[in-house]
Amino acid sequence: MAFKFKKENIPNYITFFRLLLVPVYICVFFADYPRTMVYAGIIYIVAGFTDLLDGYLARKNNWISDIGKLLDPLADKLMSISALICLLIKERIVIWIVVIVIIKEILMICGAAFILKKGKVYVKSSWYGKAATFLLFLLVFTVTFFTDISAAAINVMCSFVIAVMVFAFVMYIVEYCAEIKKDMSALSRGKKSSSDKKED
């Protein structure tokens, strides 16, 4: 089947490009050349820019799609986790932040899979989610480009990032539960209405 370009899919094309940047980032990070970590950091910044761009285009032109709602956060998670693991291998950050982030993201993915199984897509942009994403981006940026920063300062930044991420995770759970409860209530009302009609 031939590829057909659709302008309403531009945000999704950008997201696919960001997914392709993940292996490129890893390869550049570990390449046997001088200053490769800096070049990998530039790729990370480009990925962050594409994240802003596809979101802006989707909202401005109403080019929002279910696949975009799923792929966009997936691309962000893969890039962030890859960057953290690479920095951990280079001993620029401690292992506990990587473990916590991975556990949190796995739980988010499992939750999303469960919700999708129910035939729903609950992926909403929120200030706390954006804050967590921005702070993680800032952490990776700082550790990548400011190599003389102290371990104590990095640990403080990591602690703050984790605190915001845990808060965002809890808020997402509350939001998802509210949506599911709303659906169950609507379903219950629908069954009751159908039962009342049969009785009539």
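Is Arg 18 buried or exposed, and what is its relative accessible area?

Author: This is a predicted model, in which local features need pLDDT of at least 70 and side-chain atom pairs count only at pLDDT 80 or more, while totals for chains, interfaces and linings use all residues. Residues are numbered from 1 along each chain as its sequence is written, and side-chain values use heavy atoms, with hydrogens and water left out.

Arg 18 is buried, with a relative accessible area of 1%. Buried means under 20% relative accessible area, exposed over 50%, and partly exposed in between, with a 1.4 Å probe and protein chains only.

The setting of this residue comes next. The protein has six helices and zero strands, and from the N terminus on its elements run α-α-α-α-α-α. Helices (H or I, at least four residues) and strands (E, at least two) are DSSP runs, numbered from the N terminus. Arg 18 lies in helix H1, which covers residues 10-29. The 20 residues of H1 should span 28 Å at 1.5 Å a residue, and the end C-alpha atoms are 28 Å apart, which agrees. The expected span is 1.5 Å times one less than the number of residues.

Arg 18 is one of the buried residues of H1, which also include Ile 14, Leu 21, Val 22, Tyr 25 and Phe 29. An α-helix has 3.6 residues a turn, so residues three or four places apart point the same way. The cover over the buried residues of H1 includes H2 and H3.

The contacts of Arg 18 can now be listed. Leaving aside neighbours within four places in sequence, Arg 18 is in contact (heavy atoms within 4.5 Å) with Ala 47, Thr 50, Asp 51, Asp 54, Asp 72, Ala 75, Asp 76 and Met 79.

Two packed helices are described by the angle between their axes and the distance between the axes. Axes are lines fitted to C-alpha atoms, for helices over the stretch in contact, and angles run from 0 to 180 degrees between N-to-C directions. The axes of H1 and H2 come within 9 Å and cross at roughly 170°. H1 is therefore roughly antiparallel to H2; angles under 35 degrees count as roughly parallel, over 145 as roughly antiparallel, 65 to 115 as roughly perpendicular and the rest as oblique. The contact of H1 with H2 comprises 19 nonpolar, four polar and three charged residues. Here Ala, Val, Leu, Ile, Met, Phe, Trp, Tyr, Cys and Pro count as nonpolar, Asp, Glu, Lys and Arg as charged, and the others, Gly among them, as polar.

Helix H2 (residues 36-61) also meets helix H3 (residues 66-89), where the axes come within 11 Å and cross at roughly 165°. H2 is therefore roughly antiparallel to H3. On the H2 side, the contact is made by Met 37, Tyr 44, Ala 47, Asp 51 and Asp 54. On the H3 side, Asp 72, Asp 76, Met 79, Ser 80, Ala 83 and Leu 87 take part. These residues divide into six nonpolar, one polar and four charged. Among them, Asp 51, Asp 54, Asp 72 and Asp 76 are also in contact with Arg 18.

For the protein as a whole, buried residues make up 34% of the 200 residues. Of the contacts between residues at least 6 apart in sequence, 78% join residues at least 24 apart.
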